[in-house]
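Hello,

Here is the structure I promised to pass on to you.

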Amino acid sequence: MYRDGKIWIGKSGEESVFIYPKMANRHGLIAGATGTGKTISLKVLAESFSDCGVPVFLADVKGDLAGMCRRGTANENLQKRIDTMELMPHGFCFRSYPSVYWDVYGQKGMPLRTTISEMGPLLLSRIMNLTEIQTDVLTVVFKIADDEGLLLLDSKDLKAMLQYAGEHAKEYSLQYGNISKQSLGAIVRAVVALETEGGDQFFGEPALNIHDWLTTDCDGRGTIQILDCQKLIQNPTMYATFLLWMMSELFESLPEVGDREKPKMVFFFDEAHLLFDTAPKALLGKIEQVVKLIRSKGVGIYFITQNPRDIPDGVLGQLGNKIQHALHAYTPAEQKAAKAAAMSFRENPEFDTFDTLTSLGTGEALVSVLDEKGVPTVVKKCMILPPQSQMGVLDETARDSEIKGSLLYGRYVEMIDRDSAYEFLQRKMAAEEEQEQREAEEAAAEKQRLKEAAAAEKQRQREAAAAEKQKEREAAAEEKKRLKEEETARKQAEKAAAAKEKQMKSAVGRVASSAAGTLGREIGNSVGQQIGGSFGKRLGGNVGATLGRGILSTLFKF
């Protein structure tokens, strides 16, 4: 209840125990064994913050917080508690609270989504249980997408980006380092596995705008945002990572406001130990940093878990408001844990904290809060107030009516698949394939052209060779004809020359013969006359002429 400007938790005897709103953003813890009343304490605080005008977020792990949109009803035990604590005179009444229902899977509430980019590589690596090397590769892929202006909104964007990085790994290796295809393959398998667990519904748009949660109703009461986690909790890693993402989103998106009279918003994280189990040091450091610094953003965070030891010391030391329900101490380990929890309180001299802690009844708790100066109060044994809204689950008809009646329903119910890395890379791949096809066709055409040109050149060369050969044959024939004609002419000339020479010889011979005959006749006449007178002269002349012609014929061969 919200009373006298304070958050009324319960009563310690006749004394009321409160949380001062201006100290509520110093965070808190609700712890205790199963069945000791942690859910009741959570509901009472959530209702009180709503009455105070502070928006609230609840992680509903068991489904028993959904009834806050309906008025509570009294039963015998509840009425007895109301009467024992004398709550009616102080304004206690059953009432409903402004509630908005969410579900990562969109089944028991409006779909709650975020984008791959907003989640970031570190948290994604945790969800997918990647190795250190695979985480580094995923970080590089995010860097490439950021440098190239590619939006990573949903899981298909991430898969497309991983494929693209693998296909261009050699191009990126010098600038971003080695991108192992084995690591990329392992990441893709993890993304596919995440999709089967609902990641394809969680990652997308419209992404949650955290400012839509910072609202009040017409009466000024803070709106209670209830996330159904009954299915989400079956994947503890995803549940824990989601909580961490939500804290980080608040821290990064909200402005610094310093100390306020009351928180800007209060978050209750049930099964908080899942947030820290198996978390690597880097994430634990981030959680501790966010818890320390988010106070200045006006946000209070309350962790609900079974044992305080589930919370790391660095975070536990930041939790100023504590409601500790009963712890069992049946084993030495449980006794040690209970003693450690008892020692975390400022001692009350009126009772032994350990003994009281192990003997608390249902609905009772040890409480220590921060006073107006921020100093932890001494621990007090309190009976926690009953809730004013309906206990237990909400029937599906009422839930569906509340979901569809929300002013945010139209904004978040339908998933939007806008142009992002997947679509861009699909177009780029199609363009590249078209370019490759065009280049292949051009190469084939060029090859055909070159082939035809080569064939034409070969044909031209063959024709030129044939023409040259024909020309050579014709030249050879012409030369042969010329030579033949020259030979014929030479022979004819020789023949003519020989005939002429013969003719000349014959003429010379005849002249010589005539001359020789004349000379021989004269000689013969002279000789014959001297020897034989006239007869001798005639005979000597004939003989001399014959002899002279014979001699010349022999000499000139005519």
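A quick definition to start: buried means under 20% relative accessible area, exposed means over 50%, and partly exposed is in between, with a 1.4 Å probe and protein chains only. Please keep in mind that this is a predicted model, where local features need pLDDT of at least 70, side-chain atom pairs count only at pLDDT 80 or more, and totals for chains, interfaces and linings use all residues. Residues are numbered from 1 along each chain as its sequence is written, and side-chain values use heavy atoms, with hydrogens and water left out.

Now the overall picture. The protein chain contains 16 helices and 13 strands; these are DSSP runs numbered from the N terminus, helices being H or I of at least four residues and strands E of at least two. Of its 558 residues, 47% count as buried. The C-alpha atoms fill a box of roughly 215 × 50 × 40 Å along the principal axes. The radius of gyration is 60 Å, whereas a compact globule of 558 residues would have one near 24 Å (taken over C-alpha atoms; the globule rule is 2.2 Å times the number of residues to the power 0.38).

Next, a helix pair. The axes of α3 (residues 116–127) and α8 (residues 236–253) come within 10 Å and cross at roughly 155°. Axes here are lines fitted to C-alpha atoms, for helices over the stretch in contact, and angles run from 0 to 180 degrees between N-to-C directions. The two helices α3 and α8 are therefore roughly antiparallel (over 145 degrees; under 35 is roughly parallel, 65 to 115 roughly perpendicular and the rest oblique). In the contact (heavy atoms within 4.5 Å), α3 contributes residues including Met 119, Leu 123 and Ile 127, and α8 has among its partners Met 238, Leu 244 and Trp 245.

Finally, some backbone details. Most residues other than glycine have a negative phi, and most peptide bonds are trans. Asn 129, in the loop between α3 and α4 (132–147), has a positive phi near 55°. Asn 129 counts as exposed because its relative accessibility is 67%. Glu 271 also has a positive phi, near 50°, and sits in the loop between β9 (265–269) and α9 (273–276). Its relative accessible area is 22%, so Glu 271 is partly exposed. A cis peptide bond joins Glu 205 and Pro 206, with omega about 5°; Pro 206 lies in the loop between α7 (181–202) and β8 (224–228).

Best wishes
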